[in-house]
Amino acid sequence: VFIYGGAWNSGSKSDYAFVGKAFASRGFVTLVIDYRLVPEVRFPNFLEDSALAVVWAHNNAASLGADPNRLFVLGHSAGAYNAVMVALDGRYLKSLNQDTKIIAGVAALAGPYDFLPLDVASTQEAFGTAKDPSLTQPVNFAAKGAPAVLLATGDADTTVKPSNSYTLAERLKRAGNVVIVKTYAGVGHIEIMLALSRTLRGKALVLDDVTQFFNRGRSF
């Protein structure tokens with residue numbers, strides 16, 4: 001299941017067919033999903049939509065020729081946030097009578113996971129109405145028993161600082177979870193996603209690294 005980014009206020013699955021094609025070329029049945037955006041909704045509605053898509057994928061995997069026991073979630077930027085939150089904060093899947101154990105692993109590209117205070121317009125719009133801002137932060141849900149996580153970032157990313165990935169990785173490891181961190185030299189925020197496309201695949205080994213992670217399945 002792929003969840004695109006766009007500061008929770010923009011994007012469409014129709015723009016990301018290249019991601020589906022990239023992973024299909026590696027043998028994966030790939031679902032590129034939509035979710036409701038700001039200003040139509042605010043936190044946590046986009047997480048509820050993402051969780052609904054994950055459950056749908058699990059329930060319909062067999063009919064699509066996929067293995068429901070090897071369900072992975074991939075996201076970029078705001079989509080990486082959604083993916084990680086659905087995997088770490090069990091409330092969203094629990095509300096759909098499911099459990100985070102249905103997720104074999106999460107690959108998160110250049111996501112924001114530790115961004116309080118809400119000091120930019122996009123986060124203020126998306127999360128400003130949350131009664132408890134701490135519940136919006138993935139780093140606060142890094143508890144034992146999480147799915148395996150691949151956190152990828154570029155050291156030239158000035159939009160979402162790599163420290164987001166490093167802080168979350170430290171918290172997850174401290175709790176006893178499997179975490180892999182990949183840092184791509186000279187790669188920026190958008191480039192880490194575009195490196196999945198055929199024309200820019202040589203920029204960084206994102207597709208290879210995520211594929212290797214997925215192929216490990218639940219064997220970590």
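Modeller: Happy to! Keep in mind that this is a predicted model. Turning inward, buried residues account for 51% of the 220 residues in the chain.

The part I would pick is helix α1, residues 17-24, whose buried residues are V19, G20, A22 and F23. These cover an arc of only 160 degrees around the axis, so they sit on the same side of α1.

In the largest nonpolar core, which has 78 residues, F23 and F46 touch the most other members. Helix α3, residues 78-88, gives the most to this core, with 9 residues. As for F46, leaving aside residues up to four places away in sequence, its contacts are W8, Y35, R36, V38, V41, Y81, N82, A126 and F127.

Now for the whole chain. It has 8 helices and 5 strands, and from the N terminus on they run β-α-α-β-α-α-β-α-β-α-β-α-α. The radius of gyration is 16 Å, close to the 17 Å that the globule rule gives for 220 residues, so the chain is as compact as a globular protein of that length. Among contacts between residues at least 6 apart in sequence, 75% join residues at least 24 apart.

Methods: Residues are numbered from 1 along each chain as its sequence is written. This is a predicted model: local features need pLDDT of at least 70, side-chain atom pairs count only at pLDDT 80 or more; totals for chains, interfaces and linings use all residues. Side-chain values use heavy atoms; hydrogens and water are left out. Buried means under 20% relative accessible area, exposed over 50%, partly exposed in between (1.4 Å probe, protein chains only). Helices (H or I, at least four residues) and strands (E, at least two) are DSSP runs, numbered from the N terminus. The arc is that of the directions from the helix axis to the C-beta atoms. A nonpolar core is a set of buried Ala, Val, Leu, Ile, Met, Phe, Trp, Tyr and Cys residues joined through side-chain atoms within 4.5 Å. Contact means heavy atoms within 4.5 Å. The radius of gyration is taken over C-alpha atoms; the globule rule is 2.2 Å times the number of residues to the power 0.38.
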